[in-house]
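Welcome, and take a moment to look around before we start.

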Amino acid sequence: MQEGDIKSAINSAGAAATLAPNDPVVQFQLGLLKYHVRDYNGSAEALTRAVARNSVYANAKYFVGLSLYQLGNVK
C-alpha cells in the first residue's frame, strides 16, 4: 500500500486471510484496505470476522461501525 498499489495490497491481504482465517489482525488489515477503496461491504465482512475472533478489538469495532454507516446500516 505504501507504494500506491492498493489492489496488490488487497490481494496479498486476502491471500493472508485465506491462509490464516483465525488471525484477527490479518482480517483487520484486509478490512482496512477495503475501507480505503470504499468497498464497504467487503470491509464490514472482514472487520466483523476480526471482531468475531477478538471481541475486544476496538479498532476493528470502530471501522465496522464506519463501514456500516457508509452502507446506511445505522440504528
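Which residues of H4 are buried? They are Ala60, Phe63, Val64 and Ser67, where buried means under 20% relative accessible area, exposed means over 50%, and partly exposed lies in between (1.4 Å probe, protein chains only). Seen down the axis of H4, these buried residues fall within an arc of 110 degrees, so they line one face of the helix; the arc is that of the directions from the helix axis to the C-beta atoms. An α-helix has 3.6 residues a turn, so residues three or four places apart point the same way. On the other side of H4 you will find Ala58, Tyr62 and Tyr69, which are exposed.

Before going on, a word on what you are looking at. This is a predicted model, in which local features need pLDDT of at least 70 and side-chain atom pairs count only at pLDDT 80 or more, while totals for chains, interfaces and linings use all residues. Residues are numbered from 1 along each chain as its sequence is written, and side-chain values use heavy atoms, with hydrogens and water left out.

The helix labels follow a simple rule: helices (H or I, at least four residues) and strands (E, at least two) are DSSP runs, numbered from the N terminus. H4 covers residues 58–70. Its 13 residues should span 18 Å at 1.5 Å a residue, and its end C-alpha atoms are 19 Å apart, which agrees; the expected span is 1.5 Å times one less than the number of residues. After H4 comes glycine 72, with a positive phi near 80 degrees.

Now go back to helix H1, residues 6–19. From first C-alpha to last, its 14 residues reach 20 Å, close to the 20 Å expected. Ile6, Ala9, Ile10, Ala13 and Ala17 are buried in H1. They cover an arc of only 100 degrees around the axis, which puts them on the same side of H1. Lys7, Asn11, Thr18 and Leu19 are exposed, on the face turned away from that buried side. H2 is included in what covers the buried residues of H1.

That brings us to H2 itself, residues 24–36. With 13 residues, H2 reaches 18 Å from its first C-alpha to its last, close to the 18 Å expected. Its buried residues are Pro24, Val26, Gln27, Phe28, Leu30, Gly31, Leu33, Lys34 and Tyr35. What covers them includes H1, H3 and H4.

Glutamine 27 counts as buried because its relative accessibility is 2%. Setting aside residues up to four places away in sequence, glutamine 27 touches Ala17, Ala20, Pro21, Ala46, Leu47, Arg49 and Ala50, where contact means heavy atoms within 4.5 Å. Leucine 32, by comparison, is partly exposed, with a relative accessible area of 28%.

How do H2 and H4 meet? Two packed helices are described by the angle between their axes and the distance between the axes. The axes of H2 and H4 come within 11 Å and cross at roughly 30 degrees; axes are lines fitted to C-alpha atoms, for helices over the stretch in contact, and angles run from 0 to 180 degrees between N-to-C directions. At this contact, Phe28, Leu32 and Tyr35 in H2 meet Asn59, Ala60, Phe63, Leu66, Ser67 and Gln70 in H4. These residues divide into six nonpolar, three polar and no charged, with Ala, Val, Leu, Ile, Met, Phe, Trp, Tyr, Cys and Pro counted as nonpolar, Asp, Glu, Lys and Arg as charged, and the others, Gly among them, as polar.

Between H2 and H3 lies a loop that holds arginine 38. Arginine 38 has a positive phi, near 65 degrees, in a residue other than glycine. It counts as exposed because its relative accessibility is 66%.

Serine 43 sits in H3 and counts as buried because its relative accessibility is 0%. Leaving out residues up to four places away in sequence, serine 43 touches Gly31, Lys34, Tyr35 and Ser67.
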